[in-house]
Amino acid sequence: MPVDVILGLQWGDEGKGKIVDLLSKDYPIIARFQGGPNAGHTIIIKGKKFVLRQIPSGVIRDKVINVIGNGVVLDPIVLKQEIENLEANGIELKSRLLISRKANLILPTHRLLDKFYESRSDESKIGSTLKGIGPAYQDKTGRFGVRIGEICMPDFDKHYQSVKELHLKLLKALGCEETIDDKEWFEALEYVKKLKLIDAEYYINEALKEGKNILAEGAQGTLLDIDFGTYPYVTSSNTITASACIGLGIAPGQIRTVYGVFKAYITRVGGGPFPTELFDATGDYICETGHEFGSVTGRKRRCGWLDLEALNYAIMINGVNKLIMMKADVLNELETINICTGYTSSGAEKHFSGLSFGETIHPVYKELEGWKCSLAEVNNASDFPQKLQEYIKFIESHSEVKIAVVSTGPERDESVFI
Ligand code: GDP
Ligand code: IMO
Ligand code: MG
């Protein structure tokens, strides 16, 4: 049976966690394919909030198997904390958590390197979450990364020490004298060693053969993709559909539906271009109403109008066949809502890709009327206010993809299927 993919179409934090949890009732297996503890996927059920960093968002449903794929970079300290937090909330998961032994580890020195690279105060600062993501992926492609499956090998310690030494030499040469204490990291590693470390590519392909459906969960968003995002203001992994194949070991032909998640507006955390960013009272209003503060770092998210140029780019790169619009409720009170339909420069049309080459562009807006009412009691799309229906139609006609779900609040059941 097929693999369906859920991923973000903007600069992350679109609400992927909520949607993976919602849809996971129809999938026996949820598999995370990239990113690491830079992610924060929020699930809220009857007021109880869970923020998942590395564990897939299917974990709240007690029969779902959760796989951490080879494409993920893992911090054992964060993983241990995540598991303990979930267990403290009555969620038993160790028997349902499978980890690819090919996943690369985030070492304490990766976090230090991340911090050091980001210590510059100029405009080139990426605004990293400082979780060691960039340095860990660098070592993976540099072919000296440490993989989690190695902890069972006799020369694990030798490999770890040699990489650590290399990092410390590099840091020293760059003028960083900080030392590291890796005691906690090793303790966490002992804990992780007892979890189910497997060859996840076999597990997933066998499950497909047995007729099971798999939901692949992406982290970050397409506009943060290492190749197609607003480089260099991106994360260090591919965040797109193709990455589900690489990060889990599945063939492209196995993928059926690609669900693209986006907010009814757009946000970004950290540096980088943002054509529709709002610097006025409306931006502040959206930030406050949408509680736009990072789930991982607590940083204020920059807010702006929905950008269809960027959305269409993301739909194209990912082959999205179903859209999911989040946080429609945040716009409830607005008199008018702008949507960016494209970019221009000196009268010429410009594309999203130009942003990563410093091109100056101007967003072109279409102003739509707001719906000016609460969506709290709406359970059927036919009961949506007329102006929200027009907003949905406008997006669908400009993207040529149907919106399958509109999310009207953070709770699992505040979701209207269309
Ligand atoms: P993710 O990283 O894509 O999973 O998204 P985050 O969890 O980082 O950020 C999404 C935030 O929006 C979380 O605080 C969610 O609880 C919240 N949220 C999700 N859907 C909705 C919605 O439809 N309306 C509102 N008001 N909040 C939502
Ligand atoms: P989820 O999965 C939003 C951003 C950081 C920074 C850039 C690089 O919750 O949507 P990194 O730590 O990866 O080196 O940071 O990417 N970023 C995210 N922004 N949501 C995320 O994840 C993010 N993960 C990384 O803010 O600008
Ligand atoms: Mg998030």
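Q: Where in the structure is the place of Glu82?
A: Helices (H or I, at least four residues) and strands (E, at least two) are DSSP runs, numbered from the N terminus. Glu82 sits in helix H2 (residues 76-88). This is a predicted model: local features need pLDDT of at least 70, side-chain atom pairs count only at pLDDT 80 or more, and totals for chains, interfaces and linings use all residues. Residues are numbered from 1 along each chain as its sequence is written, chains are lettered from A and ligands numbered from 1 in the order in which they are written, and side-chain values use heavy atoms, leaving out hydrogens and water.

Q: Which side chain of opposite charge is nearest to Glu82?
A: Start with the terms. Lys and Arg count as positive, Asp and Glu as negative; His and the chain ends are not counted. A salt bridge is a side-chain nitrogen of Lys or Arg within 4 Å of a carboxyl oxygen of Asp or Glu. Buried means under 20% relative accessible area, exposed over 50%, partly exposed in between (1.4 Å probe, protein chains only). Here the nearest such side chain is Arg53, 6.1 Å away. Glu82 is buried yet has no salt bridge.

Q: Leaving aside neighbours within four places in sequence, what is Glu82 in contact with?
A: Contact means heavy atoms within 4.5 Å. With those neighbours set aside, Glu82 touches Leu52, Arg53, Gln54 and Ile55.

Q: Is Cys287 buried or exposed?
A: Read its relative accessible area: at 2%, Cys287 is buried. Cys287 belongs to helix H9 (residues 281-289). Its C-alpha atom is 7.6 Å from that of Arg302, 15 residues apart along the chain.

Q: Which residues have the most contacts inside the largest nonpolar core?
A: A nonpolar core is a set of buried Ala, Val, Leu, Ile, Met, Phe, Trp, Tyr and Cys residues joined through side-chain atoms within 4.5 Å. The largest one has 58 residues. Leu9, Phe262, Met325, Leu331, Tyr391 and Ile395 have the most contacts inside it. Helix H11 (residues 386-399) gives the most to this core, five residues. Domain 1 (3-100 + 198-259) and domain 3 (262-417) both contribute, so the core lies between them. Domain bounds come from an automatic or database domain assignment.

Q: What are the protein donors of the magnesium ion (ligand 3)?
A: Donors are N, O and S atoms within 2.8 Å of the metal (3.2 Å for Na, K and Ca); water is not among the atoms, so sites may look incomplete. Here they are Asp13 (OD) and Gly40 (O), 2.1 to 2.3 Å from the ion. Asp13 is partly exposed, at 24% relative accessible area. Gly40 counts as buried, at 12%.
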